Amino acid sequence: MPSVNAGKYLIKSIKVYKDHVTLSFVKHDKVQISKEAYLSSYLYEGKSISKKDIDKLLEITALSTLLNYALSLISKKHYSERKLIEKLKAKDNNKTAINGVVSKLKENNLLDDKALMEDLIAWDDERNFGHNKIIKHLKDQGIPDNLVVKAHFPVSNELKKAKALLPKLDKKYAKYAFESKKKHIFNALIAQGYEIEVAKQVVGLAKKDQPKKEKEKLMNDFLKIKHRYENKYEGYELKKRIYAALVNKGYKYNEIKTVLEDIDYEND
């Protein structure tokens, strides 16, 4: 006749530690569970529990452990559902526990992709990002496509943000010839996520330096280029090289002509 305790786990001792509880059994290995699991059931030394009971305790342990980990993560920064799941999988690839954690967080409004998307857009707006860069940021942060496509970026706001960047960009590229400066500003706006039409409108607002200042930049570039080439070339070839280099820097023919005329070309 089989024993009434057949298939049962007889609790030999219970030890409560700071972050877990250890159950020791007669004729079985020890089991470590969370305090949440321990408090979920009436356990005491001498009690017999089934394998099913232990599995339930371990399931609660996995859930509570992952939940505590998830809470520590979201206390430091916001996560999208996809990014949080990736983190949880790296910690413990327990699908049931992960689904349970996600459900609990959603129930308590601690995991909300729509709210996160709105926060990210507002943050990126403050940083004067264009909508292409914002969309990339949303996707990188795990916001699902079905939400991203609903994001709205009014052209008026895009222009306002891009215009706000112009003074800083104008100063950054001040050393370049006007046409070259405009190209640099345009490329910077595109890199910042703005559409071509928005970038064109803002570049059109860039102000050209006073003729005297522009001439000074031309002369400085001319002297640097001349010094670079005059030991290798002379006559027409030197003139051609200098001209090409100045054009590449954004200067126009009429502007370049005024400085090239000052060179003595013996071999012209």
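How many of the residues of β2 are buried? Five of its five residues are, which leaves β2 mostly covered. Buried means under 20% relative accessible area, exposed over 50%, and partly exposed in between (1.4 Å probe, protein chains only).

This is a predicted model, in which local features need pLDDT of at least 70 and side-chain atom pairs count only at pLDDT 80 or more, while totals for chains, interfaces and linings use all residues. Residues are numbered from 1 along each chain as its sequence is written, and side-chain values use heavy atoms, with hydrogens and water left out.

## The sheet

Helices (H or I, at least four residues) and strands (E, at least two) are DSSP runs, numbered from the N terminus. Two strands pair if DSSP finds at least two bridges between them. Strands of a sheet pair through backbone hydrogen bonds, either parallel or antiparallel. Here four strands form an open sheet in the order β3-β2-β1-β4, and the pairing is antiparallel. β3 (28–33) and β4 (48–50) are the edge strands, each with a single partner, so one side of each has no neighbour in the sheet. From one strand to the next the twist averages 40 degrees. Angles run from 0 to 180 degrees between N-to-C directions, and axes are lines fitted to C-alpha atoms, for helices over the stretch in contact.

| Strand pair | Bridges | Residues standing opposite |
|---|---|---|
| β1 and β2 | five bridges | Ile14 and Leu23 |
| β2 and β3 | four bridges | Val21 and Ile33 |
| β1 and β4 | three bridges | Tyr9 and Ile49 |

A hairpin of four residues links β1 to β2. The hairpin of β2 and β3 has two residues between the strands, and Lys27 there takes a positive phi near 70 degrees.

In a regular strand the side chains alternate between the two faces of the sheet. In β2, Val21, Leu23 and Phe25 point one way, whereas Thr22 and Ser24 point the other way, and all are buried.

Helix α2 (residues 51–74) packs on the sheet and touches β1, β2 (21–25), β3 and β4. Contact means heavy atoms within 4.5 Å. The direction of α2 makes about 75 degrees with that of β4. Asn68 lies in α2 and is partly exposed, with a relative accessible area of 42%. Between Asn68 and Val101 there are 33 residues of separation in sequence, and their C-alpha atoms are 9.2 Å apart.

## Two helix pairs

Val101 also belongs to the contact between helices α3 and α4. The axes of α3 (residues 81–91) and α4 (residues 95–107) come within 10 Å and cross at roughly 140 degrees. That angle makes α3 oblique to α4; angles under 35 degrees count as roughly parallel, over 145 as roughly antiparallel, 65 to 115 as roughly perpendicular and the rest as oblique. The crossing of α3 and α4 is right-handed. A crossing is right-handed if the near helix is turned clockwise from the far one by less than a right angle, and left-handed if anticlockwise. From α3, Glu81, Leu84, Ile85, Leu88 and Lys89 meet Ile98, Val101, Val102, Leu105 and Lys106 of α4. By class, this contact holds seven nonpolar, no polar and three charged residues. Ala, Val, Leu, Ile, Met, Phe, Trp, Tyr, Cys and Pro count as nonpolar, Asp, Glu, Lys and Arg as charged, and the others, Gly among them, as polar.

For α12 (residues 235–248) and α13 (residues 253–260), the axes come within 10 Å and cross at roughly 140 degrees. These two helices are therefore oblique to each other, and α12 passes α13 in a right-handed crossing. Lys239, Ile242, Tyr243, Leu246 and Val247 in α12 are in contact with Tyr253, Ile256, Val259 and Leu260 in α13. The residues of the contact of α12 with α13 comprise eight nonpolar, no polar and one charged.

## Contacts around Lys249

Asp221 sits in helix α11 (residues 211–229). Asp221 counts as buried because its relative accessibility is 11%. Leaving aside residues up to four places away in sequence, Asp221 touches Leu246, Lys249 and Tyr251. Leu246 is also one of the α12 residues that meet α13.

Ser180 is in helix α9 (residues 178–191) and is buried, with a relative accessible area of 7%. With residues up to four places away in sequence again not counted, Ser180 touches Lys249 and Gly250.
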